[in-house]
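Work through the exercises below with the sequence and the structure in view. Each task is followed by a solution in steps.

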Amino acid sequence: MEDLVSLCKRRGFIYQTNELYGGLQGLYDYGPLGVELKNNLKEAWWSSMVYERDDVEGLDSSILTHPNVLKYSGHEETFTDPLVDCKECKSRWRSDNIVDNICPSCGSSDLTEPRPFNLMFKTNVGPVDDGSNFAYLRPETAQQIFTNFKNVIDSTSRTLPFGIAQIGKAFRNEITPRNFIFRVREFEQMELEFFVEPGSDEDWHEKWVENRINWWVKQGVKRESIKIIDVPSQDLSHYSKKTVDIMYKFPHGVEELEGIANRTDFDIGSHTRHQKEYNITAKVKENPDSVTKLAIQNKITNKWTIPYVIEPSAGVDRGVLAVLNEAYRVEKLDGEKERTVLALKPHLSPIKAAIIPLKRNNEELVSKALEIKQSLQSLKLGRVLLDNSGNIGKSYRRHDEIGTPMCITIDFQTLEDDTVTIRNRDTMEQERLNVSKVSTYFQSKLL
Ligand code: GAP
């Protein structure tokens, strides 16, 4: 993990937030390359969920959330971790991280009894700060999908089965944030809430588990680095009938990358008005506050149904860590030399191609390089960089390390015969190509 963290900082993928003031624990910023990688991963998810299917709509809802949403969702009561304090060194721990009742920091066994600690952040809405006008920062993007259920049906005329997809920030006041971007207090989720007829939920659950494993493999996560577990019933979230976790072999151990839950009719049943009119199977809190009917009408039978929900929910930051970890390798070269390579899938690479003039600031070479950069950039397949550093060997190493799939070198021969050298990141092989063929070559490697 240390090598990866150091590469992330050195090359501009990920920095600790507010490091200049000592940092804020459990918060990270994505640098120039990190933001590209993260956006590419989110784009791949959005494309597979929304564009490549015809039964999913997108949504981008607000982060600040009405307290009633998180009251009826069960989060106010149950979204807690058991917390213990060390009376000796005053550190705080999740009690499930304590072994043999010993403080991991100072070794004391003088610990408090575990007590529940709610993980939701609160903030004040409006100018009066007396605690009466508060809102939560959403702890999952899912709830805002449920509260928009009727809006989306009304504006799209969807019938079951269909889904609503959302990517966005979620906030949890984790007691012990740890392992780089694995467990943080501010993170992003990619969540799909897929609404189905009760009774068809188990089949859909299986389909989504399969779909999500295949998607991660397409992002470069090896199938053998993934472990699928059926969450034991005593560990299920309050809303879940069954959850399958996609676990990944992170550098610090095998942990959850994504969960696929069968949330039954719990959420829509919790937020609808007139709950008694429906045959809600989940145990929901009585809701006198909702003013909206959240059922869906079957157009053939005219019957109103509260749908079941299948939810594949993935963490963007954990996804970034997984694809970086899979891609990172140090290769031995001839002699004593070695090179670091990020063998990212090209669609995830922060820079798709580097155009390198052989001689720095040589007007003719730079102008030809700029021409090629602009023509590749106009294809809109991601960032193409004109790298005018003048040291070809160093540029190749740098681009290997940040995962650029190809480097295109403009040399003096280019000015004579309009050919360039294309170097492949993974094989280090070089080939000479006519400039007129570069766009097609570039597209073929990225699509
Ligand atoms: N809506 C369901 C839900 O939020 P979850 O298992 O609590 O379920 C879903 O979270 C995903 O969000 C996890 O699989 C993980 O990838 C990511 N995640 C959860 N807590 C996180 C944290 N503190 N830091 C980074 N990612 C987190």
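**Exercise 1: a sheet**

In this predicted model, three strands make up an open, antiparallel sheet with the order 6-5-7. Residues are numbered from 1 along each chain as its sequence is written, and the model is predicted, with local features needing pLDDT of at least 70, side-chain atom pairs counting only at pLDDT 80 or more, and totals for chains, interfaces and linings using all residues. Side-chain values use heavy atoms, leaving out hydrogens and water.

Task: State which strands are the edge strands, and how neighbouring strands are turned.

Solution. Step 1: strands are DSSP runs of E of at least two residues, numbered from the N terminus, and two of them pair if DSSP finds at least two bridges between them. Step 2: strand 6 (92-94) and strand 7 (115-118) each pair on one side only, which makes them the edge strands. Step 3: on average, neighbouring strands of this sheet are turned by 50° against each other, direction ignored, with axes fitted to C-alpha atoms.

**Exercise 2: one pairing**

Task: Describe how strand 5 is joined to strand 7.

Solution. Step 1: strand 5 covers residues 80-85 and runs antiparallel to strand 7, with four bridges between them. Step 2: proline 82 has proline 116 of strand 7 opposite.

**Exercise 3: the chain**

Task: Find what percentage of the residues is buried.

Solution. Step 1: buried means under 20% relative accessible area (1.4 Å probe, protein chains only). Step 2: 50% of the 447 residues of the chain count as buried.

Note on methods. Axes fitted to C-alpha atoms, helices over the stretch in contact; angles between N-to-C directions.
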